[in-house]
Amino acid sequence: MKKTVSIFIVLALMLLSACGENKKNIESDHVAEGETSHEGDSHASGDIQEETASANVLPTFLEGKQENIRLVYQVAGQSTEILEWMPCYCGCGESSGHKSNLNCFIQEKREDGSIVWDDHGTRCLVCLEIAVQSAKMHQDGKSLKEIRQIIDETYKEGYAKPTPTDMPA
């Protein structure tokens, strides 16, 4: 499983760095509040949520999205224990009620293994970057506290207020 995560992280990093010119496309793809552009449950924040049987089954709202976005969602599905400790700095804590970077991709991981995915990350480069950076640092052997400190330092200026994310023990 770690090898699979490693492959996805490397691919996601390559694709995100190669797609720098697509940053405006991702950010401008935000759905206006109350509108929906995908099948699924729409919430007051405008986010679409969709349940699948497991983290190995990606939601249908990713169909037609760039491959790099789908890869980051795969990484997020395999990195829940990392992303739950990482804040997001895009403003989604206030606008969508997110508690961590994990919520940009996954609203809920249920006891039966099913996943309630959130499409917020499909429209936000900050969310995508934090997820990939966090997973990559974990793969490189950094502790959750070290990763958190680096994320907080990286995004402390020029970004929105972070989500109210607990510090790792």
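Reader: Leaving aside its neighbours within four places in sequence, which residues is Asn101 in contact with?

Author: This is a predicted model, in which local features need pLDDT of at least 70 and side-chain atom pairs count only at pLDDT 80 or more, whereas totals for chains, interfaces and linings use all residues. Residues are numbered from 1 along each chain as its sequence is written, and side-chain values use heavy atoms, with hydrogens and water left out. Taking contact to mean heavy atoms within 4.5 Å, and leaving aside neighbours within four places in sequence, the partners of Asn101 are Leu83, Met86, Pro87, Cys88, Cys127, Ile130, Ala131 and Thr163.

Reader: Is Asn101 buried or exposed?

Author: Asn101 is located in the loop between helix H5 (92–95) and strand S3 (106–109), where helices (H or I, at least four residues) and strands (E, at least two) are DSSP runs numbered from the N terminus. Burial is judged by relative accessible area with a 1.4 Å probe on protein chains only: under 20% is buried, over 50% is exposed, and what lies in between is partly exposed. The relative accessible area of Asn101 is 0%, so the residue is buried.

Reader: How many helices and strands are there in the protein chain?

Author: Read from the N terminus on, the elements follow the order α-α-β-β-α-α-α-β-β-α-α. Within the chain's contacts that have a separation of 6 or more, 66% are between residues 24 or more positions apart, and buried residues make up 44% of the 169 residues. The count of elements in the protein chain is 7 helices and 4 strands.

Reader: What is the relative accessible area of Asp118?

Author: Asp118 belongs to strand S4 (residues 115–118), and its C-alpha is 5.7 Å from that of Gln107, a residue 11 positions away in sequence. Asp118 is classed as buried because its relative accessible area is 1%.

Reader: Are H3 and H6 parallel, perpendicular or oblique to each other?

Author: Axes here are lines fitted to C-alpha atoms, for helices over the stretch in contact, and angles run from 0 to 180 degrees between N-to-C directions; under 35 degrees counts as roughly parallel, over 145 as roughly antiparallel, 65 to 115 as roughly perpendicular and the rest as oblique. Helix H3 (residues 67–78) and helix H6 (residues 125–139) pack with their axes 10 Å apart, at an angle of about 50°. The two helices are therefore oblique.

Reader: How many nonpolar residues has the contact of H3 with H6?

Author: From H3 come Ile69, Val72 and Val75, which meet Leu128, Ala131, Val132 and Ala135 of H6. In the classes used, Ala, Val, Leu, Ile, Met, Phe, Trp, Tyr, Cys and Pro are nonpolar, Asp, Glu, Lys and Arg are charged, and the others, Gly among them, are polar. The contact of H3 with H6 has no charged and no polar residues, and its nonpolar residues number 7.

Reader: Which classes do the residues in the contact of H6 with H7 divide into, and how many are in each?

Author: H6 and H7 pack at an angle of about 145°, and their axes are 10 Å apart. Among the residues that make this contact are Glu129, Ile130 and Met137 of H6, together with Leu144, Ile147 and Tyr155 of H7. By class, the contact of H6 with H7 holds 8 nonpolar, 3 polar and 1 charged.

Reader: How many disulfides does a search of the whole structure find?

Author: A disulfide is a covalent bond between the sulfur atoms of two cysteines, and here the term requires a pair of cysteine sulfur atoms within 2.5 Å. For Cys90, the closest cysteine sulfur is that of Cys92 at 3.7 Å, which is too far for a bond. Cys124 is likewise in no disulfide, the nearest cysteine sulfur, that of Cys127, being 3.2 Å away. For the whole structure, the number of disulfides found is 0.
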